[in-house]
Amino acid sequence: MEPKPRHAAHAARPSSRNPGDPSKAEEPRDFIDTPGSQGSPDGTESHDLQDDLGGWETPVFQVAPVQGAYVRPVNTRDVRRAGSRPKSRKKTAPSNGSPTVRNAKAHRRRRNPFGVAFRLLASLLAVAALCVVVGGGALAITEFRPRDVETVQPEGSATESVQAGSQISLLTWNIGYGGLPASATSFVDAGEGVRAQSQESVRSSLSSAKSLIEGQSADIVLLQEVDRASSRSCDIDQETFLSDPLEAAGYSCAFVQDYKVLYVPYPWPCLGEVDSGMITASRFAADSTERIALPKDDSLVRDLVAPEPCYTVSRIPVEGSRKELVVANVRFSDRVSQEVQDKQTRDLALFVKRESDKGNYVIAGGDFDQNFSGTDVRYWGKEVSQVRSSGVIDEGAFPEGTQFAMDPAVATARSLNAPLESPDVRFYVSDGFILSANVQLDKVQTIDAGFQQSDHNPVRLEVTLK
């Protein structure tokens with residue numbers, strides 16, 4: 001007996017189209033004819049097929065909802081065994097671009113309305129911090145670092161000489177870089193001004209100052225706060241503007257820097273680039289001119305953007321003797337602690353003593369930014385409360401016999417918290433001269449220029465070398 005095929009339903013059988021041709025047998029079909037189908041009208045063939053499958057696992061048939069439809073048997077391997085645990089489905093994370101993720105992010109943004117503002121603020125703070133680091137690095141790299149003593153070469157061709165017993169005249173004036181006329185205020189005194197009001201205003205102040213200087217015809221002129229190329233004074237070269245006519249009149253002019261910063265980043269608008277210094281102009285030929293540094297405030301900010309205090313020393317030989325006329329052009333630090341100013345005063349006092357002990361004639365003039373003792377504010381017609389609270393020069397630090405030449409009849413400087421006509425403006429005397437005992441004081445006078453060109457008035461001195 002021949003064995004029956006394992007799946008009779010899949011066995012090749014003659015085609016109904018060519019019943020006698022075995023080569024034309026139909027391909028095996030993977031479906032079972034249901035009653036009423038093409039296989040057998042009475043369904044006997046399907047019945048026999050099921051009998052032939054006896055002993056095998058009973059296939060699972062899908063119930064056809066429509067008579068005559070083909071039903072495909074389901075492989076038993078696809079049927080889970082009874083009581084088996086279903087396989088767990090792994091949850092895959094949705095991609096960032098999926099709608100689920102986008103909806104979740106949008107939901108979080110809706111729940112945190114301050115998120116965007118916080119991120120924006122953090123970004124701005126990061127940019128600001130980067131600017132501070134980069135700007136501070138640039139200032140540190142380009143910081144003005146003068147040596148304690150530097151030699152200066154004057155320009156011009158002064159030929160006159162000085163003799164013992166002769167009378168000489170001096171003029172000192174802080175010109176306020178031509179940007180602080182009577183109408184000006186400044187942020188350094190809690191005012192609103194930062195830079196000069198206009199280029200025309202600076203030129204007008206400089207022209208007026210030049211006329212006053214020429215009119216005084218002093219033998220030695222000491223000027224402070226002279227800008228060369230500074231944003232605060234509209235980039236006008238004041239050194240050239242003032243030195244050229246003096247050199248043409250027979251003076252020798254020496255310029256030293258005491259304030260040089262690539263960019264001062266405050267307040268607003270920023271002060272910007274500053275290149276400023278002092279001019280010492282003399283009709284007498286000097287053997288040497290030096291810049292000597294003064295003690296300063298060593299705090300980080302002031303060290304980077306504040307002036308470098310100093311004084312210029314010109315040594316003029318006295319004809320017929322071994323002595324020298326030693327003239328110092330001085331500008332102390334302003335708006336610093338009294339401790340710093342006391343250090344600067346003691347440093348200058350040591351210089352005066354050292355030169356006096358040599359028998360030299362010593363004259364130190366300029367802006368000391370401290371009141372001279374003996375100042376009587378009643379001469380100004382102002383109340384004591386209207387006088388700026390300022391330090392007083394420590395006269396006890398100087399050698400015995402030192403003279404302090406100042407004119408208390410007229411204030412030499414004013415505050416910059418308000419324009420000159422304001423009742424809130426304060427006045428003080430910080431400009432004048434310090435003389436060694438062998439210099440005879442003949443006359444000292446504050447020239448009342450009405451603070452029209454600067455926040456300082458010039459002071460004239462006449463002396464005789466004993």
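Where is the place of S201? S201 sits in helix α4, which covers residues 199-216. Welcome to this structure, which is a predicted model.

**S201 and its surroundings**
- With a relative accessibility of 16%, S201 counts as buried, because buried means under 20%.
- Leaving out residues up to four places away in sequence, S201 touches G178 and P181.

- In soluble globular proteins, nonpolar side chains tend to be buried together.
- The largest nonpolar core here has 23 residues, and those that touch the most other members are W173, I175, I213, V221, L223 and V226.
- Two or more residues of this core come from each of β4 (167-174), α4, β5 (220-227), α5 (238-248), β6 and β7 (272-282).
- Take V226 as a guide to the surroundings: beyond its neighbours within four places in sequence, V226 is in contact with I175, Q238, E239, L242, F255, D275, S276, G277 and I279.
- There is also a second, separate core of 22 residues, with V313, A349, F368 and I434 among its members.

**Helix α7**
- Helix α7 runs through residues 338-357, and its 20 residues should span 28 Å at 1.5 Å a residue; the C-alpha atoms at its ends are 28 Å apart, so the two values agree.
- An α-helix has 3.6 residues a turn, so residues three or four places apart point the same way.
- The buried residues in α7 are V340, Q341, Q344, T345, L348, A349, F351, V352 and E355.
- These buried residues pack against four strands, namely β9 (310-319), β10 (324-331), β11 (361-367) and β15 (431-435).
- A349 belongs to this buried set and is also a member of the second core.
- After α7 comes G359, which has a positive phi, near 90°.

**Salt bridges**
- How many salt bridges does a search of the whole structure find? The search finds 17.
- One of them joins the side chains of R331 and D258, at 3.7 Å from N to O.
- That pair links distant parts of the chain, since R331 lies in strand β10 and D258 in strand β6 (residues 252-264), 73 residues apart.
- Both R331 and D258 are buried.
- R331 and D258 also belong to a network of salt bridges that links D189, E225, D227, R232, D258, R331, D334 and R335.
- Another salt bridge pairs R315 with E324, where the closest N and O atoms are 3.1 Å apart.
- R315 counts as buried because its relative accessibility is 16%.
- Is K358 buried or exposed? K358 is exposed, because its relative accessible area is 52%.
- E355, in contrast, counts as buried, because its relative accessibility is 1%.

**Cysteines**
- A disulfide is a covalent bond between the sulfur atoms of two cysteines.
- The count of disulfides in this model comes to 0.
- C270 is buried, because its relative accessible area is 9%.
- C310 is buried too, with a relative accessible area of 0%.

Notes. Residues are numbered from 1 along each chain as its sequence is written. This is a predicted model: local features need pLDDT of at least 70, side-chain atom pairs count only at pLDDT 80 or more; totals for chains, interfaces and linings use all residues. Side-chain values use heavy atoms; hydrogens and water are left out. The expected span of a helix is 1.5 Å times one less than its number of residues. Buried means under 20% relative accessible area, exposed over 50%, partly exposed in between (1.4 Å probe, protein chains only). Contact means heavy atoms within 4.5 Å. A salt bridge is a side-chain nitrogen of Lys or Arg within 4 Å of a carboxyl oxygen of Asp or Glu. A nonpolar core is a set of buried Ala, Val, Leu, Ile, Met, Phe, Trp, Tyr and Cys residues joined through side-chain atoms within 4.5 Å. A disulfide is a pair of cysteine sulfur atoms within 2.5 Å.
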